[in-house]
Amino acid sequence: MSQARPPAGASAGDLRTEPDPTTTEPAPAEDSKKPDDGGGVIGFFKELPGLIIIAFALALVIKTFLIQAFFIPSESMVPTLGVGDRVLVNKLVYDVGEPQRGDVIVFENPSLVEEDRNVLQVVWDWLVEGFGFSTDPTRDFIKRVMGVPGDTVEMKNGRVSVNGELVAEPYISNRGAQDFPPTQVEPDHVFVMGDNRPNSQDSRSALGQIPVDKIVGKAFVLLWPPSRIEWLSDD
């Protein structure tokens, strides 16, 4: 038999073997699966309820144990804080330490009798208070700690003395001229005053000394309005 010869001008290395049609693998079939609908907008809305629950749970933990915003309803802390200001309060600080003189604290009204509230009222109050909106001004107060347990606090001609020593108060712009007799701070209580001395209901009045267990936390930053954002000083 005669062997096949390459075309003229072609070398042996130019030979190509033609594929055998009987052994050619079939082309892979196109994927008949439908696109996954788990992503995009549809996926987002499917996950939205879970994200809302997680966000709500985190907000609950933060508000209950860590930080809460509070609305200032009165002029008792002018000029440090004005009506409508909002502060952030550290609710954990007194779980690991004690109130100190000069601390600006938020506390529950010790004489307030809690009224019965249904679940919807509790949730609504929680949301309103948590975002620092205006709330019942008789429920929570914000004042400055002037005396801690065992201290003797006195006020004469508008000047405060603690344990016989005058207190430097650069945050005061209106001292008034009231006198307050020497008063010893009871155990597990603090003696508080507003920075606006003539216009503050505090431990000099019927409010009295504040039980430590009524303290919500320490205000540490003035958050609103933005033009006045600043850390709150202890002195």
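At 22% relative accessibility, Phe-220 counts as partly exposed, because buried means under 20% relative accessible area, exposed over 50%, and partly exposed in between, with a 1.4 Å probe and protein chains only. This is a predicted model, in which local features need pLDDT of at least 70 and side-chain atom pairs count only at pLDDT 80 or more, while totals for chains, interfaces and linings use all residues. Residues are numbered from 1 along each chain as its sequence is written, and side-chain values use heavy atoms, with hydrogens and water left out.

Rings of Phe, Tyr and Trp (its six-membered ring) pair if their centres lie within 6.5 Å, and planes under 30 degrees apart count as stacked, over 60 as edge-to-face and the rest as tilted. By this rule the count comes to 3 aromatic pairs. One of them joins Phe-180 and Phe-191, whose ring centres are 5.3 Å apart and whose planes stand at 70 degrees, so the pair is edge-to-face. Phe-180 lies in strand E8 (residues 180-184) and Phe-191 in strand E9 (residues 189-193), so this pair ties together parts that are 11 residues apart in sequence. Both are buried, Phe-180 at 13% relative accessibility and Phe-191 with a relative accessible area of 0%. For Phe-220 and Trp-231, the ring centres lie 6.0 Å apart and the planes meet at 25 degrees, so the pair is stacked. This pair links distant parts of the chain, with Phe-220 in strand E11 and Trp-231 in strand E12 (residues 230-231), 11 residues apart.

Helices (H or I, at least four residues) and strands (E, at least two) are DSSP runs, numbered from the N terminus. Buried residues make up 34% of the 235 residues in the protein chain.

What does the interior look like? In soluble globular proteins, nonpolar side chains tend to be buried together. Here a nonpolar core is a set of buried Ala, Val, Leu, Ile, Met, Phe, Trp, Tyr and Cys residues joined through side-chain atoms within 4.5 Å. The largest one has 13 residues, of which Leu-81, Val-87, Ile-142 and Ala-219 touch the most other members. Strand E2 (86-90), strand E3 (104-108) and strand E11 (215-224) each supply at least two residues of this core, and the largest share, 3 residues, comes from E11. If its neighbours within four places in sequence are left aside, Leu-81 is in contact with Ile-72, Val-87, Ile-142, Leu-222, Arg-228 and Leu-232, where contact means heavy atoms within 4.5 Å.

We can turn next to a sheet. Two strands pair if DSSP finds at least two bridges between them, and an open sheet of 4 strands has the order E7-E6-E5-E8, with antiparallel pairing. Its edge strands are E7 and E8, each of which pairs on one side only. Inside the sheet, strand E5 (residues 152-156) and strand E6 (residues 159-162) pair over 4 bridges in the antiparallel sense, and Glu-154 has Ser-161 in E6 as its bridge partner. Ser-161 also stands opposite Leu-166 in E7, the strand of residues 165-166 that 2 bridges join to E6. On the other flank, E5 and E8 pair over 3 bridges, with Phe-180 in E8 as the bridge partner of Met-155.

The turns of this sheet deserve a careful look. E5 and E6 form a hairpin with 2 residues between them, and Asn-157 in the turn has a positive phi of about 55 degrees. At 57% relative accessibility, Asn-157 counts as exposed. The hairpin of E6 and E7 also has 2 residues between the strands, and in it Asn-163 takes a positive phi near 55 degrees; Asn-163 is partly exposed, with a relative accessible area of 44%.

The bond from Val-78 to Pro-79 is cis, with omega near 5 degrees, and Pro-79 has its place in the loop between strand E1 (67-71) and E2. A cis peptide bond likewise joins Trp-224 and Pro-225, with omega about 5 degrees, and Pro-225 is found in the loop between E11 and E12.
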